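Here are my notes from going through the model, in the order I'd talk them over with you. Have a look at the structure first, then read on.

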Amino acid sequence: MSGDRLTLALDEFQRSLSPDQKKDFDLITSSTPTAKDVVAFTQEIDQKNSWRKSRIMANRMSAVLESVQQYCAIIDTFVQSNPGIAALVWGSIKFVILIASNFSDYFTKLSERFAQLGAYCPRLQEYKKLFQGSVRFRDALSNFYAIIVIFCTKALAPVQEKGIKRFAKSAWKSFKDDFGLLEENLSAAKDEVNEEIRLACEQEAHHSRELQRIEFKENQIHRSQHLVEIQESRLHRSKQLVEANENQLFRSQQMISLAEAKELQVQKVVREEERYRIRLHQMVYIYDYTSSLRRARRIRCQDTGFWFFERPEFKEWSARELPTCLWCFGIPGCGKTILTGHVIDHLRMTLCSDNNIAYYFFDFSRKESLSAVTFMRSMLHQLIRSEILSPDIQRLLEAILGPNGNREPDAGEMETLIIKLCGKLGNVFFIIDGIDEVERNDRRVVLRFLKNIGQSRLGIQFFVAGQPEVDMTMVFGNCHAVRLSPQDLQTDIKTFIDFQVEKEYSGVLSVCEPDLINTVKLVLATKAQGMFLWVDLQIKAICDTCEEDGTPHRIPRLLDDLPHEITEIYSRALQKLLHGDDERAKMAKKIFQCVSCARRPMTISELEEAATIATSQKIWKEPLIKLRLPTLSKLCGNLITCDESDNIISLAHHTVL
């Protein structure tokens, strides 16, 4: 059976450990992991790899870690014979990652393999209640995670070699060949899981129909027997006492049968209601509001932002004391969005489990995020819980969305439903960023919604980050304003400069003398005025100059002529784009136009096609250019940014336009 295969895979993994490794392994398999354990472990990976240029190691592994955590949360139900198997599955993956993180090159390659495996990992949370009784589904899941454990065993082998054999090319090639086969097996296992889900649904429906058919036949038999009893009572009046006893016994049996049939019907109704609640929840979701939070986590510099949690205003607000709203505002580029993501993670790690957090980032690069309806649907999606979906709330949700979810909800209707949900949940935190990026009409709807929610006296705590032009003290009567001043951000700015410059010092700035590097750090820290974006663009400009010349000779002149404002940086870059007349400048201009006019962030392949398509073109053709992420931002004067984790291209900031 597949469960035995998972046990064998875990046994094989433990046999491959040395005695010392076995002791370390036992320490990390003492308990089943929770969602907080996944967040804490990914942060631990980021901290251990903080010296790397790229900060996507933990992000590459997050999909596998989250899938394994969900599997471990329900594995005690699936594998009754060995409850400790959940901790062993989690421990195998965590142990391999921790061991491999000590070897830089190997860890980088291994993280890429984990990213590939993440694409195959199933999402288990929505199937936990529906298919706990399916043995084949449990076997398919065990088979899937057995392959994951086998991958961990093979991934551990190279680091256990001695001396020069440890990372020999032949050892890595053997592991790559094994990975190819494992990936094929994993793909097949994923298909098997999906097929078993489909079969479980069909079997459940067939089982219900079969029970109804049996019940109908039994009722027919009972009615026939009852007629026979009546006829016999008329023919054999002398046996009335016996017949009465037989009739009483029959009625008892009938009552039992009816009770059993009623119980089966109740179970069927409960299952159908659960499925319908899941469908309703899915119909609310129309936009991936989590992508902005993931991006904020990726680009946040380590050891920054913690000063904010020590502010008296934040401590009072997070402790649910006065005020109701904490408004954090500052100039463009001062890191408000990154700080908002940090606040969300901080609350999740420090608050009790009975607190509910709903967040939203208005993102200029994703036009659909700037809609008031999208904002309210995203907040509603986060507040819906199965345990609070009472019949009245369910009927209200059905009326708002329509029978098939194709009705566009009204803002007032969603506001009413959100107030009801918050009243049932209690201890709710609303975290919102970027209201200033919203168009005037949608902004008016959002602010009116926040004001009405704030006046509902439900004890909701609001954290709002944005620019001063949207004054939240005019929305909330009880609101504390925290301005992100250059003095507040001075230490974080220096930390950010040190990290970015030192990262480039091992690359393109390696031709610079230490004294020049220190001068760059000092000048940037002095003139930053609390703007992380300004610092980032200046460092990129310095690196581009050094890369073009091959020497640092022009850097002192650049430092003397640094723009004082973000807008001045934009103006210089745009002037360079507009007045360039060579082919490279024309291509850069077309790329910038495509990115700035797109309704959503573009992928690198979409941008290649858009930049080369001609108005006279009648059929699709293979793009004539191949763009590379490291040089694409430089080509457009660093006015666009490239997210290497998902190859997404967008403007560097909404103030560019």
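1. Which side chains meet in a salt bridge at 3.7 Å, N to O? The pair is R443 and E469. Keep in mind throughout that this is a predicted model. The two partners come from distant parts of the chain, 26 residues apart: R443 sits in helix α16 (residues 440-454), while E469 is in the loop between β4 (461-466) and β5 (479-483).

2. Now a pair within one helix. R213 and E210 form a salt bridge whose closest N and O atoms are 2.1 Å apart. Why do they line up? Both are in helix α8 (residues 169-235), and being 3 residues apart puts about one helical turn between them. An α-helix has 3.6 residues a turn, so residues three or four places apart point the same way. Both partners are partly exposed, R213 with a relative accessible area of 37% and E210 with 26%.

3. Helix α19 (residues 532-549) has a pair of this kind as well: D536 and K540 lie in it 4 residues apart, about one turn of the helix. Their side chains meet in a salt bridge at 3.3 Å, N to O. D536 is buried, with a relative accessible area of 17%, but K540 counts as partly exposed at 25%.

4. For the overall charge pairing, the structure holds 17 salt bridges. Besides the pairs above, R311, E313 and D488 are linked in a network of salt bridges.

5. On to the nonpolar packing. The largest nonpolar core has 126 residues, and those with the most contacts inside it are F308, F375, F430, L450, M472 and I591. Which helix gives the most to this core? That is α19, with 9 residues. Apart from this core lies another one, of 43 residues, with L65, V89, F107 and F151 among them.

6. Leaving aside neighbours within four places in sequence, F308 is in contact with F314, L326, C328, L339, V343, F463 and V482. One of these, C328, turns up again in the sheet: its bridge partner in β4 is A465.

7. That sheet is open, has 5 strands in the order β2-β3-β4-β1-β5, and pairs in parallel. Which strands form its edges? They are β2 (356-361) and β5, each of which pairs on one side only. Neighbouring strands are turned by 15° against each other on average, direction ignored. Strand β1 (residues 325-329) runs parallel to β4, and 5 bridges join the two.

8. Helix α22 (residues 583-597) has 15 residues and reaches 21 Å from its first C-alpha to its last, close to the 21 Å expected at 1.5 Å a residue. Its buried residues are A585, A588, I591, F592, C594, V595 and S596. I591 is also one of the residues with the most contacts inside the largest nonpolar core.

9. S292 is in helix α10 (residues 290-299). Is S292 buried or exposed? At 9% relative accessibility, S292 counts as buried. Beyond residues up to four places away in sequence, S292 touches Y287, F361 and D363. S292 and G341 are 49 residues apart in sequence, yet their C-alpha atoms are 8.5 Å apart in space.

10. Last one: T641, in strand β7 (residues 640-643). T641 counts as buried at 17% relative accessibility. What does T641 touch, not counting residues up to four places away in sequence? The list is R295, I648, I649, S650, L651 and A652.

Definitions and conventions: Residues are numbered from 1 along each chain as its sequence is written. This is a predicted model: local features need pLDDT of at least 70, side-chain atom pairs count only at pLDDT 80 or more; totals for chains, interfaces and linings use all residues. Side-chain values use heavy atoms; hydrogens and water are left out. A salt bridge is a side-chain nitrogen of Lys or Arg within 4 Å of a carboxyl oxygen of Asp or Glu. Buried means under 20% relative accessible area, exposed over 50%, partly exposed in between (1.4 Å probe, protein chains only). The expected span of a helix is 1.5 Å times one less than its number of residues. Contact means heavy atoms within 4.5 Å. A nonpolar core is a set of buried Ala, Val, Leu, Ile, Met, Phe, Trp, Tyr and Cys residues joined through side-chain atoms within 4.5 Å. Two strands pair if DSSP finds at least two bridges between them. Axes are lines fitted to C-alpha atoms, for helices over the stretch in contact, and angles run from 0 to 180 degrees between N-to-C directions.
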